[in-house]
Amino acid sequence: MLPTLWPGDCLTIQSHSFEEVQPGDLVLYARGGRFFIHRVTRKCRSGEETFLITRGDCMPEEDPPVEKRHLLGKVTAIHRQGSQIMPGRKLSPLQLFTAWLLCHWNLLLRAALWVYTDRAFGWLFLPPVKVEQLKG
């Protein structure tokens, strides 16, 4: 879900009815024993049943349709490095371009994750003596 979600982000997820979920919302659903958080691109109907069509922000293709019974909730807040961010329903042109780059350029994706992880969690990889010096 880069660039919307980054490693280490904590999410607030609230239960919502299938009818309340709108295109642009970030949703949590379960399928095949795995959890997914992706953006709803649209709702579609097939016969009597309505499905959600979702896609990760930097994924090239939509996911298979999400059934009502698989929906677990909607992301209502993103907690990142002491700040709370409200998820937007639309990506800005810069975010769309960034998502496209991350999707199509694996080296950039790896570099972005490395830089972000080092900046956000670099203290985790310091020797214990250095951590103690920083605390004191």
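**View 1. Residues around the largest pocket of this predicted model**. Pro23, Gly24, Arg39, Val40, Thr41, Arg55, Gly56, Asp57, Arg89, Lys90, Leu91 and Leu96 line the largest pocket. A pocket here is an open set of points on a 1 Å grid over the protein atoms alone, where a 1.4 Å probe fits, with protein on both sides within 12 Å along at least five of seven lines; lining residues have an atom within 4 Å of a point. The space inside comes to about 230 Å³, taken as that filled by probe spheres set on the points. Strand E3 (residues 34-46) gives the most to this lining, three residues; strands are DSSP runs of at least two residues, numbered from the N terminus.

**View 2. The stacked pair of tyrosine 29 and phenylalanine 36**. Look here for the one aromatic pair found in the whole structure. Its ring centres are 5.3 Å apart, with 15 degrees between the planes; a pair needs centres within 6.5 Å, and stacked means planes under 30 degrees apart. Tyrosine 29 counts as buried because its relative accessibility is 1%, the limit being under 20% with a 1.4 Å probe and protein chains only.

**View 3. The strand neighbours of tyrosine 29**. Strand E2 (residues 26-31) pairs with E3 in the antiparallel sense over six bridges, where pairing takes at least two DSSP bridges. In E3, phenylalanine 36 is the bridge partner of tyrosine 29, while in E5 leucine 71 stands opposite.

**Notes.** Numbering starts from 1 along each chain as its sequence is written, and side-chain values use heavy atoms, without hydrogens and water. In this predicted model, local features need pLDDT of at least 70 and side-chain atom pairs 80 or more, whereas totals for chains, interfaces and linings use all residues.

Methods:
Helix = DSSP H or I, 4+ residues; strand = E, 2+ residues; numbered from the N terminus. Phe/Tyr/Trp six-rings, centres within 6.5 Å; stacked < 30°, edge-to-face > 60°. Buried < 20%, exposed > 50% of the residue type's maximum accessible area, 1.4 Å probe, protein only.
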